[in-house]
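Here is a short briefing to read beside the model. Please keep the sequence and the 3D view open as you go.

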Amino acid sequence: MKILFATSEAVPFAKTGGLGDVSGALPRVLAQMGHEVTLILPKYRQVNEKRFKLIKKKVGLQVPIAQKIEEAEVYSVELAPRFNALLVRQDTYYQRDQLYGTINGDFEDNAERFIFFSRSVLEAALALELQPDIIHCNDWQTGLIPVYLKTLYRYVPSLGQAASIFTIHNLAYQGLFWHYDMPMTNLGWELFTPQALEFYGKINFLKGGTVFADAVTTVSRRYMEEIQTEEFGCGLDGIFRDRREDLYGILNGVDYGEWSPEVDPFIKQRYGPSDLKGKRECKADLQREFRLATKEDVPLIGSISRLAEQKGIDLIGADMEKMMELGLQFVLLGTGEEKYHLQFQKFSEKYPQQVGVKIGFDNALAHKIEAGADMFLMPSRYEPCGLNQIYSLKYGTVPIVRATGGLDDTIQDFTPTNLEGNGFKFGDYSPSCLLETIKRALQVYRNKITWEKLLLRGMSADFSWEQSARAYLKVYQETLAKKKNRNGKE
Ligand code: ADP
């Protein structure tokens with residue numbers, strides 16, 4: 001099968017969150033399984049040109065945006081056999097310090113930047129004669145691609161037959177823009193209706209992807225169910241219910257080439273289930289890094305997160321004093337809303353021996369926290385899949401999570417009656433529930449034998465991508481078959 005995978009970020013080129021991890025790993029595994037995969041994303045400033053052999057394609061792209069034509073260059077990199085990346089270069093749009101916006105908010109021209117990117121994907125497919133069977137789009141930034149495929153490109157040979165898959169990694173970010181941006185899409189106003197792109201007077205790119213794609217997927221089974229409810233549907237639950245015949249929940253996998261303490265180049269000492277000495281070294285190293293008291297038996301809780309309401313940061317902040325009274329240490333790596341930056345910096349000043357905070361995006365430190373912490377805290381309000389809790393399992397760092405979305409699918413609560421659990425889980429979104437769960441975890445932590453069994457169970461779990469990739473392939477095949485069937489009847 002020929003697969004064109006369109007995304008606004010992918011490891012190892014540019015990443016702000018889980019989408020980057022997924023887009024770096026899933027296409028690679030699909031290629032390993034024998035499919036021909038092309039990854040396509042914008043060429044941002046973050047792309048390390050020294051690291052990759054970028055080859056400029058002879059053909060350039062001419063992309064219509066309203067009445068004007070914007071030009072782009074395309075660079076290609078061979079990442080592995082059958083796995084090629086294309087980078088769309090348009091410096092006015094993508095040569096910036098960030099991918100989507102600054103601390104003060106989203107870039108004002110995000111509609112234009114991603115209308116341009118979405119059309120570039122299709123123009124590149126034509127110019128380079130990719131002839132994809134599947135065009136796999138991800139999140140709002142590529143939401144217009146399925147719309148274009150069913151409208152402006154419907155009768156274009158070599159594209160019109162392709163099945164489009166739209167994956168939602170986070171429904172809270174929908175790509176909402178005022179209606180004055182509609183002409184830039186070159187789509188007709190007849191699509192500006194509640195059945196298509198319109199959402200309370202605005203254009204909604206994610207809605208476009210959801211309505212027009214041949215199949216829609218999201219990144220865990222539980223989240224797939226949740227988004228069909230009013231509570232989690234962010235105003236689109238009706239649309240998801242309409243599409244439930246073509247809606248799938250496929251859990252993300254983990255790239256263990258990158259996230260395993262046995263091969264991790266960033267950590268102080270490597271370790272595995274048969275020898276946990278290295279983990280103790282990593283803990284001491286992490287305590288030193290954050291200038292905390294270097295005590296082996298003080299429980300150390302880590303967290304790596306976008307500092308956004310979604311992630312339950314307010315829950316952690318609400319009872320910090322009480323958490324400190326439990327005698328634990330807490331380290332946080334994150335960036336996001338400024339109110340949280342200030343709040344947690346204050347905690348680290350107030351409790352210098354117990355709280356370490358680093359505001360920023362730091363991949364090496366993220367690995368060190370996974371390895372050095374005893375527990376990983378992720379009390380999200382909602383969580384489509386969540387990757388850090390799955391990484392934590394592999395590092396023997398016991399997750400403490402709230403039962404929502406992918407967190408609920410991947411973590412089973414450890415209790416005196418369920419010794420098979422792999423972490424600690426709570427339901428109510430409340431500081432007291434979180435605190436009680438931390439207390440439960442600390443109680444088990446004090447029993448070294450039980451604790452070791454618990455963390456070893458996590459380390460032995462397998463969340464590698466192969467299984468998820470097979471699930472995606474099944475969706476691709478089913479969707480192609482359905483599409484052929486429908487086309488045959490038309
Ligand atoms: P989301 O995509 O909602 O941010 P996920 O748990 O799915 O959350 O994925 C987050 C990814 O981004 C993980 O690989 C995590 O390690 C990484 N990450 C998040 N914040 C930071 C940060 N401040 N520094 C380094 N890595 C981070």
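Beyond its neighbours within four places in sequence, glycine 302 is in contact with Val331, Ile369, Ala373, Met375, Phe376 and Leu377. The model is predicted.

**Glycine 302**
- Glycine 302 belongs to strand E16, which spans residues 300-307.
- Its relative accessible area is 0%, so glycine 302 is buried; the cut-off for buried is under 20%.
- Tyrosine 100 is 202 residues from glycine 302 in sequence, and their C-alpha atoms are 27 Å apart in space.

**Ligand shell**
- The ligand has 21 residues around it, and the nearest are Gly18, Asp21, Arg306, Lys311 and Gly360.
- By class, the shell holds eight nonpolar, eight polar and five charged residues.
- Strand E16 gives the most to this shell, with three residues.
- At least two shell residues come from each of helix H1 (18-32), E16, strand E17 (329-336), helix H13 (363-372) and helix H14 (388-394).

- Glycine 18 places a polar backbone atom 2.6 Å from an oxygen atom of the ligand.
- Aspartate 21 uses its side chain: a polar atom there lies 2.6 Å from a ligand oxygen atom.
- Glycine 360 has a backbone N or O atom 2.8 Å from a nitrogen atom of the ligand.
- The ligand taken alone exposes 560 Å², and the protein buries 93% of that.

**Backbone points to check**
- The peptide bond from valine 11 to proline 12 is cis, with omega near 10 degrees.
- Proline 12 sits in the loop between strand E1 (2-6) and H1.
- Arginine 82 is not a glycine, yet its phi is positive, at about 65 degrees.
- The loop between strand E5 (68-80) and strand E6 (83-89) holds arginine 82.
- Arginine 82 has a relative accessible area of 42%, so it counts as partly exposed.
- Glutamate 129, also a residue other than glycine, has a positive phi near 50 degrees.
- Glutamate 129 lies in the loop between helix H3 (110-127) and strand E9 (134-138).
- Its relative accessibility is 63%, so glutamate 129 is exposed; the cut-off for exposed is over 50%.

**Cysteines**
- How many disulfides does the structure hold? There are zero.
- Cysteine 282 is buried because its relative accessibility is 2%.
- Cysteine 433 is partly exposed, at 22% relative accessibility.

Conventions: Residues numbered from 1 in each chain as written. Predicted model: local features only at pLDDT ≥ 70, side-chain atom pairs only at ≥ 80, totals over all residues. Heavy atoms only, no water. Disulfide = S-S within 2.5 Å. Buried < 20%, exposed > 50% of the residue type's maximum accessible area, 1.4 Å probe, protein only. Helix = DSSP H or I, 4+ residues; strand = E, 2+ residues; numbered from the N terminus. Contact = heavy atoms within 4.5 Å. Near = heavy atom within 4 Å. Polar contact = N/O pair within 3.5 Å; in protein donor to acceptor, adjacent residues only side chain to side chain. Areas by Shrake-Rupley, 256 points an atom, 1.4 Å probe, with all protein chains shown as cover. Nonpolar A, V, L, I, M, F, W, Y, C, P; charged D, E, K, R; others polar.
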